[in-house]
Amino acid sequence: MRPSFLINCTHPKHFESKLGESGRFLERLRGLRTDASYKCHEKLDNAEELYIGNPVQIGRQHVALLDRHTHINILGGCYGNAHWQIEEISKASREQFKSAA
């Protein structure tokens, strides 16, 4: 089996357009551990307050990615996510995983 990889600690806004490209690397993509905030890392690092993003929106963005890339089967969040963001990702993507089973 060939090694696979995950996209880690970035908001889907920053990478989803790249996943529209064709390439064998897409076959090896197995997971997403996204950040709920769309702000760049520099802005997040220098922020006075934690920006949590929109948990419902991040769930919907995962569904859209799973619809296009059905081989992705690992989801999670990075260090900036809270339980309510992970819960929204889980709720939103539950149907995609049920239909894949």
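Residue numbers start at 1 in each chain and follow the written sequence, and side-chain values rest on heavy atoms, with hydrogens and water left out. Because the model is predicted, local features need pLDDT of at least 70 and side-chain atom pairs count only at pLDDT 80 or more, while totals for chains, interfaces and linings use all residues.

**View 1. The largest pocket and its lining.** Let's start with an open space, about 160 Å³ in volume. A pocket here is an open set of points on a 1 Å grid over the protein atoms alone, where a 1.4 Å probe fits, with protein on both sides within 12 Å along at least five of seven lines; lining residues have an atom within 4 Å of a point. The volume is the space filled by probe spheres set on those points, which are joined across faces, edges and corners. Around this pocket you'll find D35, S37, L44, D45, A47, E49, L50, Y51, Y79 and G80. Sorted by class, that gives five nonpolar, two polar and three charged residues. Ala, Val, Leu, Ile, Met, Phe, Trp, Tyr, Cys and Pro count as nonpolar, Asp, Glu, Lys and Arg as charged, and the others, Gly among them, as polar.

**View 2. A salt bridge between K91 and E88.** Side chains of opposite charge can pair when their charged atoms come close. A salt bridge is a side-chain nitrogen of Lys or Arg within 4 Å of a carboxyl oxygen of Asp or Glu, and searching the whole structure turns up one. It joins K91 and E88, at 3.2 Å from N to O. Both partners sit in helix α4 (residues 83–100), three residues apart, or about one turn of the helix. Helices are DSSP runs (H or I, at least four residues), numbered from the N terminus. K91 is partly exposed at 41% relative accessible area, but E88 is buried at 19%. Buried means under 20%, exposed over 50%, and partly exposed in between (1.4 Å probe, protein chains only).

**View 3. H62 and its contacts.** H62 belongs to helix α3 (residues 55–68) and is buried, with a relative accessible area of 0%. Leaving aside residues up to four places away in sequence, H62 touches L32, T34, L75, G76 and I89. Contact means heavy atoms within 4.5 Å.

Notes. Helix = DSSP H or I, 4+ residues; strand = E, 2+ residues; numbered from the N terminus.
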